[in-house]
Amino acid sequence: MVPVDERSGGQRLDNFLVRECRGVPRSHLHRVIRDGQVRVNGRRARSDTRLEIGDTVRIPPLRIDAVAAPARMSDAARARRARALAVLYEDDSLLVVDKPAGIAVHGGSGVDAGVIEMLRAARPEQRFLELVHRIDRDTSGILVLAKRRQALVGLHAQLRERAAGKDYLAIVQGRLALRSRTIDVPLRRYLTAEGERRVAVDPAGGQAALTRVRGLSRARLDLGEFTRVACRIETGRTHQIRVHLAHVGHPIAGDPKYADFGLNRALARAGHGRMFLHAAGMTVRHPASGTMLRLVAPIPAEFDALVPPPIASRG
């Protein structure tokens, strides 16, 4: 029986369990939640249940294969990696970093430490530090963290009410028209037989998801044609941009789940070994001052190397 303190109030149940049950795969935690083995104040709860200060969480006995647990990174090593992160903005309420591709935002299945664990190790004096949102491990760019509970609650409200603008840059396979289009297709999350999280288009039972896409420029390589696109999401579903673009026949280059795996391998051999999705911009109202805050993460050099930006925007 674990009480929810100030540090965990407002946190999703699944993220709370990831921190409390270090080394247990996230897929296993989701399974015991679905089975009703995890209780909040004696009642069943969902993975996305928001915990409140004073709640009590019952965590059942959990057994994992010791060899499957990731080797634990020392706090010193975590702190060193955190200090290498570029800080895009910081004040008394917020910390915004530029997350590199290939680093998870939090520890979980097969990952001992993500950005949040690294930053906590580097800032032991910071009593409160929580993720405001998440981006995929293979996505680079803007990641916002709250240094005060009021800031976390305020920014969560903006995300729920779709008051925060989130802009991405992607490079997709194929020849996408250099114009704007809207992809409005419901999405449904599911787990594969191996416990891997996936998302599929589901017009009947999925959650509403809307992505605005604009083609920017193209490049023809020996491996085929690729298009650089700007994306703005009006909803924040898991893997939303990745699945929407794949649905219209233009998966993101290097996407390990929804793209052409053979082409991904060929791109990696040619020196383009990453998923080409970058959280480039975000507009939020500052939770303390109320002023509009525009956050921007520099475009990684790998994007220009694969598909250069439009001529008008260069320099």
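The model has 1 aromatic pair, where rings of Phe, Tyr and Trp (its six-membered ring) pair if their centres lie within 6.5 Å. This is a predicted model, in which local features need pLDDT of at least 70 and side-chain atom pairs pLDDT 80 or more, while totals for chains, interfaces and linings use all residues. Residues are numbered from 1 along each chain as its sequence is written, and side-chain values use heavy atoms, without hydrogens and water.

**Aromatic pair**
- Phe-276 and Phe-303 are edge-to-face, at 5.3 Å centre to centre and 70° between the planes (edge-to-face is over 60 degrees).
- Phe-276 lies in the loop between helix H7 (261-269) and E15, and Phe-303 in helix H8 (residues 301-306), so the pair ties together parts 27 residues apart in sequence.
- Both Phe-276 and Phe-303 are buried (under 20% relative accessible area, 1.4 Å probe, protein chains only).

**Nonpolar cores**
- The largest nonpolar core has 60 residues, of which Leu-119, Val-144, Leu-145, Leu-245 and Ile-252 touch the most other members (a core is a set of buried Ala, Val, Leu, Ile, Met, Phe, Trp, Tyr and Cys residues joined through side-chain atoms within 4.5 Å).
- Apart from it lies another core, of 16 residues, including Val-2 and Leu-51.

**Second largest pocket**
- The lining of the second largest pocket has 10 nonpolar, 2 polar and 7 charged residues (lining residues have an atom within 4 Å of a pocket point on a 1 Å grid; a pocket is an open set of points with protein on both sides within 12 Å along at least five of seven lines, for a 1.4 Å probe).

Technical notes
Buried means under 20% relative accessible area, exposed over 50%, partly exposed in between (1.4 Å probe, protein chains only). Ala, Val, Leu, Ile, Met, Phe, Trp, Tyr, Cys and Pro count as nonpolar, Asp, Glu, Lys and Arg as charged, and the others, Gly among them, as polar. Rings of Phe, Tyr and Trp (its six-membered ring) pair if their centres lie within 6.5 Å; planes under 30 degrees apart count as stacked, over 60 as edge-to-face and the rest as tilted. Helices (H or I, at least four residues) and strands (E, at least two) are DSSP runs, numbered from the N terminus.
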